[in-house]
Amino acid sequence: MEEKMPDHLFVGKSIPRTIETDKVTGKAVYIDDLKRPGMLYGKILYSKHAHAKIKSIDTSKAEKLEGVRAVLTGRDIPDVRVGFLKDQTVLKRDVVRQFKDEVAAVAAIRPEIAAEAIDLIKVEYEKLPGVFDPFEAMKQGSPLVHEVDARGRPIKSNILPLPWKFEVGDIEQARKDSAYISKDTVSTTWVNQCCMGTSGCIAEFDQNNNLTLYDQTNVIFGHIGRITEYFSQIGLRGKKIRVVNPVVGGSFGTKLDTDIYEFIAIQLALKTRKPVKILFDREEEFQALPPRQPAVFTIEQGCDKEGILTFRYCEAVLDNGSYTSWGATTPSVMIMPMSSLYRVPNVYFKATCVYTNNIYAQAMRGYGNPQATFAVETSMDTLAEEAGIDPAEFRLINRNRSGDDTPMKLRITSCGLEECITAVKEKLNWDDKKGKQKGRGVGMASLIHVAGGARVTKSDGHGMMIKLDEYGHVDVIESGTDQGQGSPTVISQIVAEALGVRPEDIFLTFGDTALALWDAGTHASRHTFMAGNAAIGACAKAKRQILEMAVEQMPKIIKGGFKRKKRKDPEFVEPDLDFGLIANPEDLDIRDRMIFPKKDPDHPYFKLPLTQILQNGLHVGTGQSKVVMAEEFYDPPTEMLNWEMKGNLSMTYAFGTCGVEVGVDEQTGEVKILKLVSAHDVGKAMNPTLLLGQIYGAAYTGVGYALTEEIKVRNGRVMNPSFRDYQMLTAMDVVPIEPVVIEPIDEAGPYGAKGVGEPGLVPTAPAIANAVYDAIGIRITDLPITPEKILTALKERKV
Amino acid sequence: MKKVSVSFTLNGDSVKAEVPATWTLLKTLREYFELTGAKEGCGVGECGACTVIMDGEAINSCLCPIPEVEGRSVTTIEGLADEDGSLHPLQDAFLKNNGVQCGFCTSGMIMSSKALLDQNPDPTEDDIRTTIAGNFCRCTGYVQIVESVEMAAKEGK
């Protein structure tokens, strides 16, 4: 693809984010800023216990408060089950199973009144025994979190009916054939996505009960599917649902599912016949937003004498919390690094999700991959040590290569992993530093991730519509969500390039289901890849229409010009032109707003402005007038995972390596990142400056994941629901990041690009853990690696 | 609810607000003046998304009771671009250098940085990082924000 288009005007250039100027002037309208006429404010009352029976709810005082328009409990709305496993209801009637459980909701004319009304609701509970550890919860006789399943059948165990299992080859034989084996247990914790804009939505019904939901979701059509299903059970079957994104203040996975607060806003809007906004405050965001899924892994790997991996065996236990959202499906992504990060012929992976009375989890940047890669890359280091091989060398020996088919049946088309590992080695002076200095150390970890879509639903399509007006403005109706990743700029670069106009001619509309074609969602690092390919397809069609128009209009325009000249100047002699140069659409091209013949791009007569053709094509006369409008629905030839969890679910895969040098203070236990090299195989850097933003941001979140971030949950309760107590990195936490961009142009990608949104985060934590081990000889296997854990481990070593 | 009448200068204009005495400057800006550029990211002065400049100092407007604004001069993100629409060098630099991603922290980030550049036109990286220590961002890892402020400082010279 690259050879065919050698000199790009816009793709590959660091075009500024001018298209998002509203974000630097305060004009961008987020859900916080959006108001609808007559809008009410909704507020939710949450459970006071991790597990209890609701004996009674008294809403009488709340109802009497002036300004309150509705008070709802589980008794006031249909008791319909929602969620991935249909294991919860919108407002809980009889039993609460976590502190986050929604017990009642209020709509009022002002947010303060809604909050006051919530305080006036009296709920009487009867406490039930809770279970807060997944291993305890699996034991016989442990309190059951749920009594019955979605069909009302009694449940006998807290283990979810989601038996995630992947198996290839013969582990027993491979174990026997191995020269070296290592076994580790590692664990990761709950992490809040910490979007700066908290969760919120506005639900609004028209008189005919059609719903418009202003919502931050990054899966606008997924929302429609889930709400349609809900509607069919509450008497609103067949009603139209429109989901509209305001400007989204960060997503990082939080907006993948339809959350309970969204159903509550819908119920309050139905009841009051007014638009209802629910907007979380920060404390609520920490307590009621499902975070990243925690997990415990026991991983065993073996290799032969040469260091070639023989097998990988891993069992994972996931604390599912009380209900099931996407967190319980993260093992489907964990299978990818488990089976396909490095070449490994025999693989066994099993994940067990267990109900507890803790908060439940969903998606966050990486979707299970950061957790699983922490396990795999910890094991890569311990096995390398067992085998007496340098960990970087060990990774190079086992690296993935272009042309590989992995045990999961992923087809590795392009792979820059060798370059990434090598770059990290060089930039860190690996050979000089590894194992050389007490208190200082280097470590590395790599990653594989989907980078060419992810067929997790039967369609992995992405639609795009493009229309041009006669002034050369290009409207692009995007079916994805702009959540801050830079897509408005990147897509405008692609459209400008493919259509032959300039980025400033492009006007994008994101996130409106009434306008857009379908899209599987702005998730799985798929947007640039999918939307880019859709844009190229739509632009090719639009361009064809323009050039057909040009073939009709150009001769008329040119001959008309000669006629006028002759009228003014009778001496004028018409030049002898070869109109054959512009006789067919194939002979013409558009570049930088001009249409010209390919064979003579600077022809003195045949090079005309695009707008002139568009205007002449539109204002042409009765019955012949034309407009330009094209669409493309790009659905790549990928596969859903089959029952064995195998299939090539993405068109291409991203690889990368993170290398870090740390200093560990043995007095304080503090880990300081002295250098972090983040090397990524990105296919093609569409906008180098924006690409770096993804790498920096992801690496930073990864450092937080490794060292500081943890939602502290004690007996089901979130103990640190504020930025003061939840330690996200600030600008004072200087992480010297050196990005390395590897560009093995990918055949399937738009101009060769791969997705890059999630990869930067994935290998950061294990790279740091490995570096800490190199520095002090202690392996912290439980994230985050806090000073307390390091000091405790140092103390234990002394004893 | 008891209302107060507060007169102050807002983005160069003399204004008067009559709002409940318990309101903060942030609430007054967002709800009375409908200037929604300053954001509530936490409401308790931890995240800096609500940062505005009052008499030359960057403050968390979510912590500032409205009576305290009497007679003061307040600048918000909406008051930064010229009347002809041309952007302040900081706004321009944030767009050029990817200092903005989701944008939710951006208003506060730019206002903190403006207060710094007004007092110290040639800040070091450390000065910049100290200045925005109270402005949280989840998207960027701060690198390109710091670079954007450095770029704007150079531009301003």
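Analyst: The model is predicted. In chain B, strand 1 (residues 3–10) and strand 2 (residues 13–20) pair in the antiparallel sense over eight bridges. In general, the strands of a sheet pair through backbone hydrogen bonds, either parallel or antiparallel.

User: Which residue of strand 2 of chain B is the bridge partner of Val4(B)?

Analyst: The partner is Val19(B). The two strands of chain B form a hairpin with two residues between them, and Asn11(B) in the turn has a positive phi of about 50°.

User: How should I read the sheet of chain A, and in what order do the strands stand?

Analyst: Strands may pair in either sense, parallel or antiparallel. In chain A, seven strands form an open sheet with mixed pairing, in the order 3-7-1-14-11-12-13. Its edges are strand 3 (68–73) and strand 13 (241–244) of chain A, each of which pairs on one side only. Neighbouring strands of this sheet are turned by 20° against each other on average, direction ignored.

User: How many bridges join strand 12 of chain A to strand 13 of chain A?

Analyst: Four bridges join strand 12 (residues 211–215) of chain A to strand 13 of chain A, and the two run parallel. Within strand 13 of chain A, Val243(A) stands opposite Leu213(A). Helix 6 (residues 220–233) of chain A lies across both strands, at about 145° to strand 13 of chain A.

User: What should I examine in a helix, taking helix 7 of chain A as the example?

Analyst: An α-helix has 3.6 residues a turn, so residues three or four places apart point the same way. Helix 7 of chain A has 13 residues and reaches 18 Å from its first C-alpha to its last, close to the 18 Å expected at 1.5 Å a residue. Just after helix 7 of chain A, Arg273(A) takes a positive phi of about 60°.

User: Why is helix 7 of chain A described as largely enclosed by the rest of the structure?

Analyst: Eleven of its 13 residues are buried, so helix 7 of chain A is largely enclosed. Among the buried residues are Tyr261(A), Glu262(A), Phe263(A) and Gln267(A).

User: Finally, which element of chain B gives the most residues to the side that touches chain A?

Analyst: In total, 43 residues of chain B are in contact with 46 residues of chain A. Helix 2 of chain B gives the most to this side of chain B, with four residues. The residues on this side of chain B comprise 21 nonpolar, 15 polar and seven charged.

Note on methods:
Residues are numbered from 1 along each chain as its sequence is written. Chains are lettered from A and ligands numbered from 1 in the order in which they are written. This is a predicted model: local features need pLDDT of at least 70, side-chain atom pairs count only at pLDDT 80 or more; totals for chains, interfaces and linings use all residues. Two strands pair if DSSP finds at least two bridges between them. Axes are lines fitted to C-alpha atoms, for helices over the stretch in contact, and angles run from 0 to 180 degrees between N-to-C directions. Two residues are in contact if their C-beta atoms, placed from the backbone, lie within 7 Å. Ala, Val, Leu, Ile, Met, Phe, Trp, Tyr, Cys and Pro count as nonpolar, Asp, Glu, Lys and Arg as charged, and the others, Gly among them, as polar. The expected span of a helix is 1.5 Å times one less than its number of residues. A residue is buried if 20 or more other C-beta atoms lie within 10 Å of its own, exposed if 12 or fewer, and partly exposed in between; C-beta atoms are placed from the backbone.
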